[in-house]
Amino acid sequence: MDKGTVHIYCGKGKGKTTAAIGQAIKAACEGRNVVIIEFLKAKEEDELGFLKRLEPEIKVFRFEKFQECFEDLPEEKKEEEILNMKNALNFARKVLVTGECDVLILDEILGILDEGVISAEELCAIITQARQAQIQLILTGTIYPQCLDAYVDEVTRLQTRYE
């Protein structure tokens, strides 16, 4: 993919994050720097530990603190996690402004759009910022909102056999 392109991996099927990580590895092999920011991920230390071994070419950040899935958290902890996710979004904006990477992956960002943590307008602004910075942007999540049609170059939908 060229600089400034936007690719989305979405759907109920498995493999969205795996596909994004595959793109990250490919970019790193080409000498490009990659930043991955994860959202709505229950803490899986084995997975995160493995990805951390790919540094400095691929840097992974997870701002959420709790082990449980977001949907299972009590309201008080959900509010804390929402603040953590907003910090992650601010970090993503900073990465785009400073040009810290060639490829930025926002894993499960479509989920926080669905949860109301970020608005469609805010996500479109991040996409526009990535294009202006000529940074390849990869977004993942289950539900693809049609409002992004004008902002993205490629959408890959993954589905289970019986969808």
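**Cysteines and rings**

Tutor: Searching the whole structure gives 0 disulfides. C29 is in none, and its nearest cysteine sulfur, in C101, is 17 Å away. This is a predicted model, where local features need pLDDT of at least 70, side-chain atom pairs count only at pLDDT 80 or more, and totals for chains, interfaces and linings use all residues. Residues are numbered from 1 along each chain as its sequence is written, and side-chain values use heavy atoms, leaving out hydrogens and water.

Student: What is a disulfide?

Tutor: A disulfide is a covalent bond between the sulfur atoms of two cysteines. Here the cut-off is a pair of cysteine sulfur atoms within 2.5 Å.

Student: Is C124 buried or exposed?

Tutor: Buried means under 20% relative accessible area, exposed over 50%, and partly exposed in between (1.4 Å probe, protein chains only). C124 has 8%, so C124 is buried. C29 has 67%, so C29 is exposed.

Student: How many aromatic pairs are there?

Tutor: Rings of Phe, Tyr and Trp (its six-membered ring) pair if their centres lie within 6.5 Å; planes under 30 degrees apart are stacked, over 60 edge-to-face, the rest tilted. The count is 2.

Student: Which residues form the aromatic cluster?

Tutor: F61, F63 and F91 form one cluster. F63 is partly exposed at 21% relative accessibility, while F91 is buried at 15%.
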